[in-house]
Amino acid sequence: DMINALKKEIELTATEDEIIETIYFGGGTPSLLTQNEILYLLNTIQKKFIVNSGAEITLEANPDDITSEKLSQWKIKIAHFLNYMEIKGLINLILK
(Lines give C-alpha, C1' and ligand atoms only; values in the text may rest on other atoms or scores of the structure.)
Protein backbone atom coordinates (compact mmCIF):
# COMPACT_ATOMS: atom_id res chain seq x y z
CA ASP A 1 0.00 0.00 0.00
CA MET A 2 0.98 3.66 -0.20
CA ILE A 3 2.11 3.99 3.42
CA ASN A 4 4.47 1.03 3.19
CA ALA A 5 5.82 2.34 -0.13
CA LEU A 6 6.53 5.71 1.50
CA LYS A 7 8.23 3.98 4.44
CA LYS A 8 10.43 2.00 2.06
CA GLU A 9 11.33 5.16 0.12
CA ILE A 10 12.28 6.93 3.37
CA GLU A 11 14.44 3.98 4.41
CA LEU A 12 16.15 3.74 1.01
CA THR A 13 17.04 7.43 0.84
CA ALA A 14 18.01 7.93 4.47
CA THR A 15 21.46 8.97 5.57
CA GLU A 16 21.93 8.82 9.32
CA ASP A 17 23.91 12.05 9.46
CA GLU A 18 21.40 14.13 7.49
CA ILE A 19 19.61 16.80 9.52
CA ILE A 20 15.97 17.36 8.59
CA GLU A 21 14.72 20.94 8.91
CA THR A 22 11.36 20.48 7.14
CA ILE A 23 8.90 17.61 6.77
CA TYR A 24 6.31 18.29 4.09
CA PHE A 25 3.30 16.10 3.39
CA GLY A 26 2.08 17.60 0.11
CA GLY A 27 -0.24 17.11 -2.81
CA GLY A 28 -3.62 17.61 -1.14
CA THR A 29 -4.22 13.95 -0.38
CA PRO A 30 -2.22 13.81 2.89
CA SER A 31 -5.33 15.08 4.62
CA LEU A 32 -6.88 11.70 3.82
CA LEU A 33 -4.28 9.97 5.99
CA THR A 34 -5.30 8.86 9.44
CA GLN A 35 -3.44 10.28 12.40
CA ASN A 36 -1.87 6.85 12.94
CA GLU A 37 -0.57 6.76 9.35
CA ILE A 38 0.97 10.22 9.81
CA LEU A 39 2.58 9.13 13.09
CA TYR A 40 3.87 5.95 11.44
CA LEU A 41 5.60 8.02 8.75
CA LEU A 42 6.94 10.54 11.28
CA ASN A 43 8.31 7.67 13.40
CA THR A 44 10.02 6.25 10.32
CA ILE A 45 11.57 9.63 9.51
CA GLN A 46 12.73 10.09 13.10
CA LYS A 47 14.36 6.64 13.13
CA LYS A 48 16.23 7.21 9.87
CA PHE A 49 17.21 10.89 10.05
CA ILE A 50 18.22 13.48 12.60
CA VAL A 51 15.15 15.71 12.94
CA ASN A 52 15.98 19.23 14.10
CA SER A 53 14.13 20.11 17.29
CA GLY A 54 12.68 23.19 15.55
CA ALA A 55 11.76 21.39 12.35
CA GLU A 56 8.75 22.71 10.47
CA ILE A 57 6.12 20.08 9.74
CA THR A 58 3.58 20.88 7.06
CA LEU A 59 0.56 18.91 5.94
CA GLU A 60 -1.13 20.13 2.78
CA ALA A 61 -4.85 19.54 2.99
CA ASN A 62 -7.92 19.70 0.84
CA PRO A 63 -10.37 21.92 2.79
CA ASP A 64 -13.19 19.48 2.04
CA ASP A 65 -11.32 16.76 3.98
CA ILE A 66 -10.88 18.79 7.18
CA THR A 67 -13.23 18.41 10.11
CA SER A 68 -12.99 19.68 13.68
CA GLU A 69 -12.65 16.10 14.86
CA LYS A 70 -9.79 15.39 12.46
CA LEU A 71 -7.98 18.58 13.49
CA SER A 72 -8.32 17.62 17.12
CA GLN A 73 -7.02 14.09 16.48
CA TRP A 74 -4.04 15.36 14.48
CA LYS A 75 -3.21 17.95 17.11
CA ILE A 76 -3.35 15.50 20.03
CA LYS A 77 -1.57 12.60 18.34
CA ILE A 78 1.11 14.61 16.59
CA ALA A 79 1.70 16.93 19.54
CA HIS A 80 2.17 13.88 21.75
CA PHE A 81 4.67 12.36 19.32
CA LEU A 82 6.51 15.61 18.72
CA ASN A 83 6.41 16.93 22.27
CA TYR A 84 10.04 18.04 21.93
CA MET A 85 9.50 19.77 18.59
CA GLU A 86 7.82 22.99 17.61
CA ILE A 87 4.56 22.06 15.83
CA LYS A 88 3.25 25.56 15.33
CA GLY A 89 3.77 25.41 11.55
CA LEU A 90 1.73 22.22 11.19
CA ILE A 91 -1.19 23.43 13.30
CA ASN A 92 -1.28 26.85 11.64
CA LEU A 93 -1.33 25.30 8.17
CA ILE A 94 -4.08 22.86 9.06
CA LEU A 95 -6.20 25.63 10.59
CA LYS A 96 -5.90 27.91 7.51
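This is a predicted model: local features need pLDDT of at least 70, side-chain atom pairs count only at pLDDT 80 or more; totals for chains, interfaces and linings use all residues.

Trainee: Which secondary structure does the chain have?

Mentor: Helices (H or I, at least four residues) and strands (E, at least two) are DSSP runs, numbered from the N terminus. Here the chain has four helices and two strands, and their order along the sequence is α-β-α-β-α-α.

Trainee: Where in the chain is confidence lowest, and where is it highest?

Mentor: pLDDT is the predictor's confidence in each residue, from 0 to 100. Helix H4 (residues 88–95) has the lowest confidence, at a mean of 54, while H1 has the highest, at 93. The average pLDDT of the chain is 77, and 76% of the residues score at least 70.

Trainee: What share of the chain is buried?

Mentor: Buried means under 20% relative accessible area, exposed over 50%, and partly exposed in between (1.4 Å probe, protein chains only). Of the 96 residues in the chain, 33% are buried.

Trainee: Which residues have the most contacts inside the largest nonpolar core?

Mentor: In soluble globular proteins, nonpolar side chains tend to be buried together. A nonpolar core is a set of buried Ala, Val, Leu, Ile, Met, Phe, Trp, Tyr and Cys residues joined through side-chain atoms within 4.5 Å. The largest one in this structure has 16 residues, and those with the most contacts inside it are Ile23, Phe25, Ile38, Leu41, Ile45 and Val51. At least two residues of this core come from each of H1, S1, H2 and strand S2 (50–59).

Trainee: Is Ile23 buried or exposed?

Mentor: Ile23 has a relative accessible area of 6%, so this residue is buried. Ile23 is in strand S1. Its C-alpha lies 8.9 Å from that of Ile45, although Ile23 and Ile45 are 22 residues apart in sequence.

Trainee: How much space lies in the largest pocket?

Mentor: Rolling a probe the size of a water molecule over the atoms shows where empty space is left. On a 1 Å grid over the protein atoms alone, where a 1.4 Å probe fits, a pocket is an open set of points with protein on both sides within 12 Å along at least five of seven lines; lining residues have an atom within 4 Å of a point. Grid points are joined across faces, edges and corners, and a volume is the space filled by probe spheres set on the points. The largest pocket here holds about 360 Å³. It is lined by 16 residues, and Ile10, Ile23, Tyr24, Phe25 and Ile45 are the closest to its centre. Helix H1 (2–13), strand S1 (19–25) and helix H2 (35–48) each give two or more residues to this lining, and the largest share, five residues, is from S1.

Trainee: How many salt bridges are found in the whole structure?

Mentor: A salt bridge is a side-chain nitrogen of Lys or Arg within 4 Å of a carboxyl oxygen of Asp or Glu. The search finds one, between the side chains of Glu11 and Lys7 (2.7 Å, N to O). Glu11 and Lys7 are four residues apart in helix H1, so about one helical turn separates them.

Definitions and conventions
Residues are numbered from 1 along each chain as its sequence is written. Side-chain values use heavy atoms; hydrogens and water are left out.
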